[in-house]
Amino acid sequence: MKFICFSFLAICASVVAAASIEERATVQGFDISHYQASVNFGAAYNSGARFVIIKATEGTTYTDPSFSSHYTSATSAGLIRGGYHFARPSSSTGAAQATFFLAHGGGWSPDGITLPGMLDMEYNPSSTSQPCYGLSQAGMVAWVRDFVNTYQGRTGRWPLIYTSNSWWVTCTGDSAAFSGTCPLVLARYSTAGPGTVPGGWGYQTIWQKDAGYAYGGDSDVFNGGLTGLKKLASG
């Protein structure tokens, strides 16, 4: 960004400073599951958090037992909220898992306080020998496409995709197939920033920065101001 200053240097400096502040605007949030039995939603809101992403489902058989209470409490606290689905690509199709997610809390509505659902893609926690669930890179891309197309077809919104640079490169071959549709939630626990953004995404929409949020769960940062966050929720 370049500025041409025709008068006082002080005016130019103030314009640059204002632009820098705007570029750095972020919104605090967090993500949780039943592993966080005690979450202080009110304190999170009072400290500046404005959104939370809550585990709803996994595969096609598991529903998080705390989803309903977490979701209700988040709403009562004034937080923008949404659900997430932990993918199990070896157990069933992407379409089947998207359908299960939608039936158990993962839907979206244009009420201004509901985020589109999030697809959680990470290494297989059940098998170190099959970190990508036994799928080829092309097979994994096809699985993700099956999920996101089903979700978009049912809701009119593309889901968020949560992943790490490492997983995305390893398991999809760094596919750019979703960079133009699905917002990226990038996992990288670091104080140095979100790091390398994979898959052709120009930037992360949300950065999961650490696993120790003060009021429960993981700490997330929305890459933009509150107006942008509300736009993501409203569509």
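Reader: Which residue stands opposite R81 in strand 4?

Author: In this predicted model, the residue opposite R81 is V52. V52 is part of the pairing between strand 2 (residues 51-58) and strand 4.

Reader: What makes strand 2 and strand 4 a pair?

Author: Pairing takes at least two bridges. Strand 2 and strand 4 are joined by 7 bridges, so they count as paired, and they run parallel.

Reader: How do you know that strand 4 also pairs with strand 5?

Author: Between strand 4 and strand 5 (residues 118-120) there are 3 bridges, and the threshold is at least two, so these parallel strands pair as well. F86 stands opposite D120 there. From strand 4 the chain passes through helix 4 (residues 94-103) to strand 5 in a right-handed β-α-β crossover.

Reader: Which residues lie closest to the centre of the second largest pocket?

Author: That pocket holds about 250 Å³ of space. Of its 15 lining residues, D31, Y84, D120, E122 and D218 are the closest to the centre. Strand 1 (27-32), strand 4 and strand 5 each give two or more residues to the lining.

Reader: How many residues of that lining are charged?

Author: The lining of the second largest pocket has 5 charged residues, along with 7 nonpolar and 3 polar ones.

Methods: Residues numbered from 1 in each chain as written. Predicted model: local features only at pLDDT ≥ 70, side-chain atom pairs only at ≥ 80, totals over all residues. Heavy atoms only, no water. Helix = DSSP H or I, 4+ residues; strand = E, 2+ residues; numbered from the N terminus. Right-handed = clockwise from strand over helix to strand, strands pointing away. 1 Å grid on protein atoms, 1.4 Å probe; cavity = no way out; pocket = protein on both sides within 12 Å on 5 of 7 lines; lining within 4 Å. Points joined across faces, edges and corners; volume = space filled by probe spheres on them. Nonpolar A, V, L, I, M, F, W, Y, C, P; charged D, E, K, R; others polar.
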